[in-house]
Amino acid sequence: MRSIELGNIEIHALADGLLRLPTSFFPGLDAERHSDAIAPDGKVHVPTGAYLVRGGGRTILVDAGFGPREIGFAEGGQSDGVTGSGGGLPVALAEAGVRPADIDTLVLTHLHADHVGWVAPHGVPYFPNAEVVYGEADWAELVETSGRHDWTRISLEAVRATGQLRPLHGDVELAPGITARAAPGHTPGHYVLDLVSEGRRAVLLGDVLHTPAQLADPGIRSASDTDPSLTHRTRQRWLQEVEGTDTVVAPAHFPGLQFFRITADRVAEPVSAVPAG
Ligand SMILES: [Zn+2]
């Protein structure tokens with residue numbers, strides 16, 4: 001497990017699963033220029049998972065992985081060519097010494113299926129004591145438009161029924177030094193989590209950055225961007241804010257769920273992790 005300490009906050013990267021996306025999922029991705037982004041099977045492999053944030057008496061989970069399921073393996077894959085599976089999050093949480101009931105806040109950067117997998121598998125809330133916060137604009141865009149049997153819809157409606165849901169608008173300080181900041185584009189209600197402790201800062205970027213190739217080529221899009229031009233502006237704004245600083249960033253899908261700092265010339269430098277626990 002990769003972990004960092006940031007002042008009196010600990011952040012742990014928790015793996016859940018893997019998505020295999022066709023290169024066509026990333027319009028603008030030049031397969032020759034970014035050959036390192038493409039696996040031997042010709043697809044772009046992206047991990048899914050979550051980040052655990054502990055400090056100041058709070059136990060916060062950011063995103064909830066893909067969940068205990070598989071997609072796209074039957075009949076040679078779905079028509080869009082995406083395959084994926086998840087299920088590792090409970091073991092990763094246990095390794096961090098945390099039980100699902102310990103999570104007091106679940107921050108969903110957005111309501112795409114690969115971020116809400118463990119919210120309520122099959123309609124049973126997995127984090128019974130967590131307030132579930134999300135950007136309100138995602139509900140109409142991604143929940144209401146989905147089918148009745150859709151994983152995301154079943155999950156989100158389950159935590160609405162238990163009274164756990166709390167929609168966010170604008171920037172919201174969730175705890176001292178822990179602020180959810182609106183970062184729309186990838187989805188209308190996309191958020192990042194901004195963490196500051198003892199003068200150090202980390203930003204959990206969600207899908208503001210989807211692949212390391214976007215550092216060199218910020219114009220590379222994702223087929224799942226709701227508003228590609230707003231996504232691009234939001235990505236540039238965040239890159240400009242963190243590049244050349246000591247701010248640690250953790251995008252949701254970078255290889256190995258590593259922690260990075262972004263250099264002034266936009267190279268992602270891994271930040272060495274400290275042992276967990
Ligand atoms: Zn995602």
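1. Two strands are said to pair if DSSP finds at least two bridges between them, and the strands themselves, like the helices, are DSSP runs (helices H or I with at least four residues, strands E with at least two) numbered from the N terminus. With these terms in hand, strand β2 (residues 9-22) and β3 can be described as pairing in the antiparallel sense over twelve bridges, and within this pairing Pro22 stands opposite Lys43 in β3.

2. The model is a predicted one, so that local features need pLDDT of at least 70 and side-chain atom pairs count only at pLDDT 80 or more, whereas totals for chains, interfaces and linings use all residues. Residues are numbered from 1 along each chain as its sequence is written.

3. As to the overall form, the protein chain contains five helices and 16 strands, and its C-alpha atoms fill a box of roughly 45 × 45 × 35 Å along the principal axes. A compact globule of 277 residues would have a radius of gyration near 19 Å, and the 17 Å of the protein chain agrees with this; the radius is taken over C-alpha atoms, and the globule rule is 2.2 Å times the number of residues to the power 0.38.

4. Burial is judged by counting the other C-beta atoms, placed from the backbone, within 10 Å of a residue's own: 20 or more make the residue buried, 12 or fewer exposed, and anything in between partly exposed. By this count, 46% of the 277 residues of the protein chain are buried. Two residues are in contact if their C-beta atoms, placed from the backbone, lie within 7 Å, and among the contacts in the protein chain with a separation of 6 or more, 67% come from residues 24 or more positions apart.

5. Strand β3 (residues 43-55) deserves a separate look, since ten of its 13 residues are buried, leaving the strand mostly covered. Besides its pairing with β2, β3 pairs with β4 in the antiparallel sense over five bridges, with Leu52 standing opposite Leu61 in β4. The hairpin of β3 and β4 has two residues between the strands, and here Gly56 takes a positive phi near 60 degrees.

6. A hairpin with two residues between its strands is also formed by β10 and β11, where Gly177 takes a positive phi near 80 degrees. Strands β10 (residues 172-175) and β11 (residues 178-182) run antiparallel and are joined by three bridges, and the bridge partner of Val172 in β11 is Ala180.

7. In helix α3 (residues 151-161), the buried residues are Trp151, Thr152, Ser155, Leu156, Ala158 and Val159. They cover an arc of only 155 degrees around the axis, which puts them on the same side of α3; the arc is that of the directions from the helix axis to the C-beta atoms. The cover over these buried residues includes β8 (131-135), α2 (137-143) and β9 (165-168), and just after α3 comes Gly163 with a positive phi of about 80 degrees.

8. An α-helix has 3.6 residues a turn, so residues three or four places apart point the same way.

9. Leaving aside neighbours within four places in sequence, Val242 is in contact with Val203, Thr247, Val249 and Ile262. The helix is followed by Gly244, whose phi is positive, near 75 degrees.

10. Asp63 is found in the loop between β4 (58-62) and β5 (70-71) and counts as buried, with 29 C-beta neighbours inside 10 Å. Leu257 has its place in the loop between β14 (248-251) and β15 (260-262) and is buried, with 22 other C-beta atoms within 10 Å.
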